[in-house]
Amino acid sequence: MFAVHSRGVLLLTGVLLLAGCSSPSDPPPSPPLSRAATVEGVVPSSVPSPTSVARKPVTVVLDPGHNGGNSSAPSVINAPVPAGRGETKPCNTTGTSSDDGYPEHAFNWDVAQRVGALLSAEGVRVVYTRPDDSGVGPCVDERAAIGNRAEAAAVVSIHADGSRASGAHGFHIAYSSPPLNPAQGPPSLSLAEALRSGLSGGAFPVSTYLGTDGLAPRDDLAGLNLSERPAVLVECGNMRDASEAAVMSSVEGRQRYADGIAGGVLRYLGL
């Protein structure tokens with residue numbers, strides 16, 4: 001699922017990280033590290049490890065798909081923006097939800113905060129594409145631009161799907177294919193494979209309905225097409241599947257997703 005216009009970016013300086021589902025200008029300063037701790041169950045470390053202090057921090061951009069205010073601004077999120085490959089698509093969408101009403105944008109935001117806390121504890125500089133879950137946007141092209149401006153070592157867009165296909169469940173990792181620049185080639189594929197390993201190691205099943213063995217090459221996702229950095233989009237699972245929706249709706253389940261994603265990013269970075 002993809003995301004709308006708001007040029008808010010959250011930068012957790014010194015430590016704390018595209019969009020599409022089936023479908024920001026330098027980032028302003030972020031709030032203090034303790035912000036991430038407001039997510040239930042997240043207790044980020046404020047003291048990097050000794051090895052983290054010794055090296056120059058790498059930057060990871062985390063892109064929580066959609067935004068909580070998108071549904072209130074249809075004229076904004078429906079406006080066409082560049083999508084790469086000579087195409088346009090709507091600025092963003094509202095995202096999906098579970099059958100009992102748990103919204104994808106809230107899931108994406110919570111998991112991204114948890115991933116950011118884990119990465120920051122390892123000395124990674126994390127940049128978010130949006131500062132909260134109550135705004136509108138930013139548009140999918142601007143989300144890609146945030147990663148490009150940050151010169152991110154990796155860009156990870158976090159989503160959940162809403163398929164009604166019978167038996168559809170499991171995660172898949174999308175990457176731009178055919179690649180439009182070197183970063184979209186082997187680096188993005190390696191990032192996708194590392195994230196697949198992280199989520200599989202967390203006992204999450206690969207998708208039964210999209211991609212092959214958990215990987216999905218795509219040419220229609222703006223955030224991936226417009227990225228000049230290694231970038232992937234993670235569809236964590238299907239919110240319309242009752243079992244997966246129950247996991248996504250729980251604090252413990254969202255932490256498991258975050259553990260898998262953060263582990264994959266750290267594997268890719270060699271940390």
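I started with burial over the chain: 55% of its 271 residues count as buried. I am working from a predicted model. For secondary structure, I found eight helices and nine strands.

**Entry on α4**

I went to helix α4, residues 140-150. How many of its 11 residues are buried? Nine are, so I note α4 as largely enclosed by the rest of the structure. The buried set is V140, E142, R143, A144, A145, I146, G147, N148 and A150. I see that charged residues E142 and R143 are on that list.

Next I asked which elements the buried residues of α4 pack against. E151 comes after α4, and its phi is positive, near 50 degrees.

**Entry on S98**

I moved on to S98, in the loop between β4 and α3 (104-120). Is S98 buried or exposed? Its relative accessible area is 2%, under the 20% cut-off, so I count S98 as buried. I then looked for a polar partner of its side chain. The S98 side chain makes a polar contact with the side chain of D100, at 2.4 Å. Last, I set aside residues up to four places away in sequence and looked up what S98 touches. I found M239, R240 and A245.

Note on methods: Residues are numbered from 1 along each chain as its sequence is written. This is a predicted model: local features need pLDDT of at least 70, side-chain atom pairs count only at pLDDT 80 or more; totals for chains, interfaces and linings use all residues. Side-chain values use heavy atoms; hydrogens and water are left out. Buried means under 20% relative accessible area, exposed over 50%, partly exposed in between (1.4 Å probe, protein chains only). Helices (H or I, at least four residues) and strands (E, at least two) are DSSP runs, numbered from the N terminus. Contact means heavy atoms within 4.5 Å. A polar contact is a pair of N or O atoms within 3.5 Å; within protein, one must be able to donate a hydrogen and the other to accept it, and residues adjacent in sequence count only if both atoms are side-chain atoms.
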